[in-house]
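Here is a short briefing on a two-chain model. Keep the sequence and the 3D view open as you read.

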Amino acid sequence: MPRRIVWCVAQKKTLGSASQLVVGNGIELESKLSDPMGNKRRILCYADRWMLANPVVDILRLRISSLEETQRRFSRTILIADAVDRWLPHGGLSAGCIHEVKGTTLANAIAFSAILSSRLAGDQGNVLYISSDRSLHPLGLLPYGVKLNQMLHVSARRHADLAWAVMEALRCSQVSSVIALLDGLDLTESRRLQLAAEASGATGFLLGHAASAPIASPITRWRVSSAIGKSGERFDGPLWDLDLLYCRGGSPGKWTVEWRDHKLNAIPTQQINLATGEALAG
Amino acid sequence: MARCFLSIYCPDIVSDRLTRLVEWCDRYSPLVAQDGCNGIILDITGCAHLFGGEGPLLLDLQRRLHRMGIESHGAIADTWGAAWALARYGGSFIVHGENTRAALDPLPVEALRLPNEIVLELRRLGLVTIAALRKIPRNSLSVRFGSTLLRRLDQALDQAADPLTPWRSPAAYRTSRILAEPVSTVGSVEYVLHDLLKEICTQLEKNHLGSRRMDLVCYRVDGTVDRCEVRTSKPNRAISHLMRLFSGRLEKLWADFGFETFVLSVQDVEALHPTQLSLSPFETTGEEESFDLLVDRLGMRLGFAAVNRIRVLESYLPEHAVELRPAAASTLASAEWPAYRVRPIRLIDPPMPIQVSILIPGGSPVQFLIEQKQHRIVRSEGPERLTTEWWREPSSRYGTRDYYRIEDDKGFRFWIFCDQFEHWFLHGHFA
């Protein structure tokens, strides 16, 4: 097993400069540094799996990423499940971004994004559900921790109205997350959504059927499919095969998770690095 | 206080043009009504000074109508009846107080807005002018002609009530700007609108009110009218908020040759009490507003019926358990849903008929067919029996339903039910 190396970069006004090399398991390294203005800045942590070989390239990568990504995107994350969070580049799913969730059934995609949304919203945030039909049964979301009084159900028939509504919702800083049944976005549209989300801090989950065309540039793309091989007669929370098909700044992954006791538990299976095909432990 | 009516008579006007003209006349007074098939009546009480007096107002109105190519006669008097008579048969245009009688006397009896048969009858009797009519004792008039004639006479002479029903009820708050030169760019309309909003919002703030519905009416040079309306989910009087709501609408205005007059009115007001400003720099009150603004903007474009809050109702039947209630409407208490009743995430409406095979009668299903595709059931839970609610008519279609949660061999989960008549339906999808 290769040793995990974590690069820490202090985000300063200047380019992010690689300052420290920490070897260990910790991903959530908190900042103890202050910038010249005396403000505490969070140190960006990069758990590294794919950049083991060349430190020079790594530093360059980090510099570039600190240029193009906003501070906000790193600062807030949504925790999914332990094993998944460790895999993701920022120790969790970044908030204030556009994520695409594909489901073998739409119900799977809705449930998965509802879990993440309710974690993000907490007691205060507003969650918007935007779609062109009214097939959602809100009571079905209750087991996933969604508070219905925080939800706003928006329906729009035309694609243009739908995209506009998602855009407006993502622009509002009072919105914690937007769950939208919206596909067929072109590069410009999805980029605009991403910029709106970055500016306001709202997180967008764009849902679609597994067979539908992927949107152009999400930060992550997930596929949630019902897993087979459950044991027992009881009708528990759903068991999902969670595929991370695409992850900006990270690599694809695959897990089997189960929703039980208001938690997503990853069921240990061998993880395969889809890019290289080699097996990676934990 | 003496009232003041302006009657306009346009002998050859088409009816749809007249309706538009009535709308256009809003610029002079909020109380405007169509008067017959070729006239308009305006209650200009207290409005004349805005145009420099009654004379200039009448002159301005007629000059504009003339420019539109409409031939018109206008008169101002204390009563609707007198103004009507003078506009059509009179020589003088502005008559008040004691002069009314003198001005009306020489006019023919037709000037009293009488039905044709009464006019013919009067003429047959040799009563041609109003003066001659007034000399006859009232008793004999009422015996011969009924109450209509006397009522019309009294109304003309300000002795009987003559209510006017305006084509649109006047707004409680209304302000207008008449520009020296017509404008046609969005920027300049915005400028005027900002000015109008400032005036209205100051008035609203003084009275602790907020607007729910605002209406901006823009009068084009050629006498046509364009309008845009703004609704809000909560009473509001913040200029920036209202400006943002208007901004999307202003682009859709069609200026044509330019707008020359703008009237902003508040159609619905609701109480809005001032809030205490916070001294603490950490509490920002603007946050709450930004979400309201989002709701308003979504509602303005998609319709307020499309932006909903979710309310749980006191019913176990899935189609009646949840109400989507417009976010703009007042919130009602939501019921508590018992956690042990698990519901699917998506509901199929109406339920889809399926074929189900059962091994033992009354037992749980083992496999089912949806659109010729076979699903083998590996796990099922149920039944959950939902009985009809007698006070609902449509729900009795299926009678008592037995619901099962099932999972097929591919891991998909469904919500199916068996109705009273042993028919099976697919009603929802679980995650």
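The points below cover confidence, overall form, the contact between chains, and two sheets.

This is a predicted model. It scores ipTM 0.73 and pTM 0.71. One open sheet of 11 strands takes in strands from chain A and from chain B.

**Confidence and overall form of chain B**

- Chain B averages a pLDDT of 87, and 96% of its residues score at least 70.
- Where pLDDT is low, the predicted coordinates should not be read in detail.
- Chain B holds 11 helices and 16 strands.
- The radius of gyration of chain B is 34 Å, whereas a compact globule of 431 residues would be near 22 Å.
- Along the principal axes, the C-alpha atoms of chain B fill a box of roughly 100 × 65 × 40 Å.
- Of the 431 residues in chain B, 34% are buried.
- Among contacts in chain B with a separation of 6 or more, 58% join residues 24 or more positions apart.

**Contact between chains A and B**

- Chain A gives 39 residues to the contact, and chain B gives 38 residues.
- On the side of chain A that touches chain B, α4 (106-121), β8 (151-155) and α5 (159-171) of chain A each give two or more residues.
- That side of chain A has 24 nonpolar, 12 polar and three charged residues.
- Strand pairing also crosses between the chains: β8(A) pairs with β9 (residues 307-312) of chain B, antiparallel, over three bridges.
- Within this pairing, L152(A) stands opposite R309(B) in β9(B).

**The sheet of 11 strands**

- The strand order is β14(A)-β13(A)-β12(A)-β11(A)-β6(A)-β10(A)-β9(A)-β7(A)-β8(A)-β9(B)-β10(B), and the pairing is mixed.
- From one strand to the next, the twist averages 30°.
- Helix α6 (residues 187-200) of chain A packs on the sheet and touches β6 (98-103) and β10 (203-209) of chain A. The direction of α6 makes about 125° with that of β6(A).
- T256(A) has I267(A) in β14(A) as its bridge partner.
- Strand β11 (residues 220-226) of chain A is largely enclosed by the rest of the structure, because six of its seven residues are buried.
- On one side, β11(A) runs parallel to β6(A), with five bridges between them. Here G103(A) has V224(A) as its bridge partner.
- β11(A) also pairs with β12 (residues 239-247) of chain A, antiparallel, over seven bridges. Here R221(A) has Y246(A) as its bridge partner.

**The sheet of four strands in chain B**

- This open sheet has the order β2-β3-β1-β4 in chain B, with antiparallel pairing.
- Its edge strands are β2 (31-35) and β4 (73-77) of chain B, and each pairs on one side only.
- The twist here averages 15° from one strand to the next.
- Five bridges link β2(B) with β3 (residues 39-43) of chain B in the antiparallel sense. V32(B) stands opposite L42(B) in β3(B).
- Helix α2 (residues 54-67) of chain B lies across β1 (5-9) and β4 of chain B, and runs at about 160° to β4(B).
- Helix α3 (residues 80-89) of chain B packs on the sheet and touches β1, β2, β3 and β4 of chain B. The direction of α3 makes about 150° with that of β4(B).

Conventions
Residues are numbered from 1 along each chain as its sequence is written. Chains are lettered from A and ligands numbered from 1 in the order in which they are written. This is a predicted model: local features need pLDDT of at least 70, side-chain atom pairs count only at pLDDT 80 or more; totals for chains, interfaces and linings use all residues. The radius of gyration is taken over C-alpha atoms; the globule rule is 2.2 Å times the number of residues to the power 0.38. A residue is buried if 20 or more other C-beta atoms lie within 10 Å of its own, exposed if 12 or fewer, and partly exposed in between; C-beta atoms are placed from the backbone. Two residues are in contact if their C-beta atoms, placed from the backbone, lie within 7 Å. pLDDT is the predictor's confidence in each residue, from 0 to 100. Ala, Val, Leu, Ile, Met, Phe, Trp, Tyr, Cys and Pro count as nonpolar, Asp, Glu, Lys and Arg as charged, and the others, Gly among them, as polar. Two strands pair if DSSP finds at least two bridges between them. Axes are lines fitted to C-alpha atoms, for helices over the stretch in contact, and angles run from 0 to 180 degrees between N-to-C directions.
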